[in-house]
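Student: Can you walk me through this one? I'd like the overall picture, then a few residues.

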Amino acid sequence: MELSTNLRFASSADRTTEDKYDSKYPYERVADAQGNALPVARDYAQSYKDTAGAGYLLDWNYYPLDERKPNRKNAYTDYQLNLGLSYKINSFLKWSINYQYTRNVQQIYSERGVDRYSTRKVINEFSQLNHTTGTVYRPFPLGAILSTSDINTTGHFGRTQLSFHHNTGWHGISAELGYEMRSTEYWNNSKTLYGYNASTASDIPVNHLVDYPQFVTGSTRNIPINSFQDGTSNRYLSYFSTFGYDFKGRYIFNASARSDASNIFGVKSNQKKVPLWSVGAGWMIHKERFYNISWLPTLELRITNGYLGNVDKTVSAVTAASAPLVGSDGVPFVIIQNPPNPALRWEKMNTWNIGLEFSTRNKIIAGTIEWFHKNGVDQIGSSPIAPQTGLLTFRGNTANFVGQGIDIVLNTKNIEGAFSWNTNFFFNLAKDKVTKYLLRQTSPRIYVSNNQQSPMEGKPVNALFSYPWAGLDNEGMPQGWLDGKITKDYSAITSNKDFSQLIYHGSGRPTISGGFRNTISYGAWELSTSIIYKMGYYFRRPVLKNSYLFSTTGVVYKSPDYAKRWQKPGDELITDVPAAIYPVTTNWESFYDYSSVTVEKGDHIRLQNIRLQFNPRLKGSVAKLMRSLVVSGMANNLGILWRANNKGLDPDNPRSYPDPISYSLNLVATF
Amino acid sequence: MKSYNLGLLFLIMIMGTSCEKKFLDKKPSTGILLPQTLDDLQMILDNYQYLNLTTCFGNIAADEYYIKDDVFQASNMLEQLSYTWEKDFNEKLGPYSIESWEMPFRTIFYSNVALENLKKVERTATNQLKWDYIKGAALFMRAYAYFDMTQTFCAAYDEGKAATEPGLPLRSNPDIDDLQPRASLQATYQFFLQDFHEAIPLLAPAIPMVRTRPSKPAVFAALSRVYLNMRNYEKAEAYADSCLSLYHQLIDYNTISTTSATPFPRDNAENIIAYKAVNGYSANFSTSDVGIIDSNLYNSYDDADLRKQIFFRTSNSLPYIKRGYWGTQATPFSGLATDEVYLNKAECLARRGEVTAAMDTVNALLLKRWNKNAVFTPLTATNSTEALNIVLDERRKELVFRGQRLPDIKRLNLEGANITLKRVINGQEFTLPPNDRRAIMPIPLLEIEASGIEQTPR
């Protein structure tokens, strides 16, 4: 009998600012020459902000520099308790039971005082100013807005199993039979107080059920209710069994079966269970008598076939509605989130896997090569549906697909000794194809703009299509191809039912990916670099849209294409960026946006990180105090080493700023 | 010893199995609800932001406002094509999402979900009031959505032709696999008329505090509108009377602010049930200077007529609509109100030669619209035709921006009114002669593509 216990406790806290400054214009000034904060244009015209309040309202300006002060505190506390009991019934049978309890408490405290733009703005918007007397009535009270959240996540995990191991020289048999339960309960309690004064911890009550006139627009709205509680429960149960047999340690046979059930909504209990099984065989070729390749002491071949059922928790077979919401008239209502779908079934996936594992002597070169083939049936997806149903899209079993690929892992020891150099190389090739899709689109628009939601049979799950591009005309208008002729009939192109005229570029997801990691160590020091690559795919770059350029609703315009736009006849020979034309005609934009000229190759190689680690051997009194000490520093997102596109775009993030370089320093001591 | 331990193990496993069902029955999120109780179904029907919506073609394709050339240029394709009664509407628009089609069908879906789930709740002595209300309300919402859609997507009801004229797909269950072909216009009218009639005994005679919910006066007002639309003036008058006998309040416009941008709260005294038009046309939005009120229409209001200042605002000396009977909503009110019922009654009276009674009914309404500091001279007519013309003029003025103008034009043209609509864009003239089929909005391409239903002959 063996009893084990383990208790862990961790606590951490951070402070951040909730303001996310995003410049509206290139070269926006946020500070003057002396470093003082400057206001930047935001929401309303400066002339309006300066005069509308006649000096009686709060400062309506936005100073990004002043918003950097942290206003939000996050505190995390984690507990974990593990209990284990195992009992050896006899030499080949063992029974064990494990239990784990986890609790995570997150407390968020966010105080946005009147030194914050967002607070001043909302107070001003609700203000009612009497211009003659200069009195201001503020239904949205003066003071800070305090938002607090208590988020508790509690987890229970229990497992009991009976294991059998028996080895009689030539024959080895092992088997397991067990039962597992898991639950994670999440509960969030959030509330918001207005007119908050931290020194007295007091707030000013507001009436949420009255629609107050808005200072700027003259329309009315209520003060939003931002106090709520919500919770989720994830529960799983599974029965599992495995069986393994090996003969002389050379031939291995495995089988496993399990049944998983979860608290999926709106189905009968027998439909909550999902079956999974797999069978496999292995051959340790190097243990055969005939094997005599001395430079390759390990060579193993494995083959498995597995079946997986999956239930999508976001859909249900019966009508499901949202939790009640309350309108400004105080009447609760619900939104139907899931229509009745009695035909809902599991997604099914069958996977074949053949792998070869090898290593040379002393593992100088070691690795695995694996081939896989997946066959997915009844995959759940969204698809457009006839509007007479009252819905626009529908989630259900819509697609079948096949996928296959190769995974290669190679580890080499280039130099061994006090100074050592290791390399890890990863390569993944994965291709997929939609073999069946319930809904066939009748317009190319959906295929070019929303291929993930309506894939085309015979093409990858995420394929990139576009309208054929024929350059600009001598007025800076985009042109496309239709039936072999150059045309500006955009609606004809974007509604052409002959999909063979669309350009199919390829997969919208990398078909080749992997990494390359080098580690150099000397004594207590270790330096590693990680390079990753993604190949064989395409992405669509953002373009200069006139509707954004002339937008008054605050769509942020950031595109270097403005300088490259067509401006005079002849420019069409050197640029593909259409003229800026006002008023905006949307039908040429919807063509240009999805034309072939906006598609770029996604291939790139990236220096992901560099890590330096110091792991000294502890001696003397220090060694008595602690068991180990590891200090490490890491720099992440160091940049792109090579990219196929010449626009300077990060294919992982073409529509916004690239991820910034981040640095971290870690210290881990074990006592 | 061994068997004892195995026994313990199995005991634990069996305990696990017995509480398994309970363990898995826990709701995965507080954010979802399986609508089962009457209160749940009530909350489905109370989603007025989704359900109390109507089509908006009746505003843009009528003659209440016009837009300037530059505004037309900047408008979206749907607005341009609707505004000019484009013949090749779908060809030019393409598979564009059209809320006038999608939103009423969402209302129909919600109503059908409520009706379907209601079948699983037993009607008892204690819950019968609520049970009846939910059934009546769901039938009303479904019927109102269908009737409203016929006004946009079907030809005006003409008794002799309705059996061969295409109507709408008639959906009486929420099953998404059950796609329906278009029924005839006759069958469509029968379908929603039956819903309305079935709802009468189920709904209460009092107007609810929350004016987004149906009531018995609402059904009567709706039936009065439907029968008027079918040119069955006898029944239209009877249902107008039924409505007014239960509820006939009018607002004295002297109590209403002439300067407020939002003169009427939603739950105002004339509102029988509130609906609003879907989005889709910027000219329908009262907050922007887009749709300029037709000058003949604007000038037809007397200066002592408070409606001139309460319904309209001027910007750069051009008149625009203010927000109407639904408080702060920027899209037009398209529900039922007592003023319309008065006008239905007056029209029916005038048509059957009850000239004095017709004028009395109109005058009762106008008295509440007149500036109390000015002298109101009651309107008079010497014969039926004169009375009818007065009533129809007042109808146009009172129900401005209620989405009723195009249905009225289509109906009156069947009566021989010979109303031709005209637009001028960039010097080009567009006209819509009487009974032209371009006054019918085509079935959206997205629907035709997905369900293969028949297109309306154009």
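This is a predicted model: local features need pLDDT of at least 70, side-chain atom pairs count only at pLDDT 80 or more; totals for chains, interfaces and linings use all residues.

Student: How many helices and strands does chain A have?

Tutor: Chain A has eight helices and 33 strands. Both are DSSP runs numbered from the N terminus: helices are H or I with at least four residues, strands are E with at least two.

Student: What box do the C-alpha atoms of chain A fill?

Tutor: Roughly 100 × 75 × 60 Å, along the principal axes.

Student: And how much of chain A counts as buried?

Tutor: 39% of its 671 residues. Buried means under 20% relative accessible area, exposed over 50%, and partly exposed in between, with a 1.4 Å probe and protein chains only.

Student: What about contacts in chain A between residues at least 6 apart in sequence?

Tutor: Of those, 67% join residues at least 24 apart. A contact means heavy atoms within 4.5 Å.

Student: New topic. Where is Q388(A) found?

Tutor: In the chain A loop between β19 (365-384) and β20 (393-415).

Student: Buried or exposed, and why?

Tutor: Q388(A) counts as buried because its relative accessibility is 0%.

Student: What is Q388(A) in contact with?

Tutor: Leaving aside neighbours within four places in sequence, the list is W101(B), F105(B), P169(B), R171(B), D178(B), L179(B), Q180(B), E447(B), S451(B) and I453(B). With Q180(B) there is more detail: its backbone oxygen lies 2.9 Å from a polar atom of the Q388(A) side chain.

Student: Next, backbone angles. What is phi at A54(A)?

Tutor: Positive, about 50°, although A54(A) is not a glycine. A54(A) lies in the loop between α1 (46-51) and β2 (72-90) of chain A. Its relative accessible area is 44%, so A54(A) is partly exposed.

Student: And what is phi of F401(B)?

Tutor: Near 60°, again a positive value in a residue other than glycine. F401(B) sits in the chain B loop between α18 (384-398) and α19 (405-414).

Student: Is F401(B) buried or exposed?

Tutor: F401(B) is buried, with a relative accessible area of 5%.

Technical notes
Residues are numbered from 1 along each chain as its sequence is written. Chains are lettered from A and ligands numbered from 1 in the order in which they are written. Side-chain values use heavy atoms; hydrogens and water are left out. A polar contact is a pair of N or O atoms within 3.5 Å; within protein, one must be able to donate a hydrogen and the other to accept it, and residues adjacent in sequence count only if both atoms are side-chain atoms.
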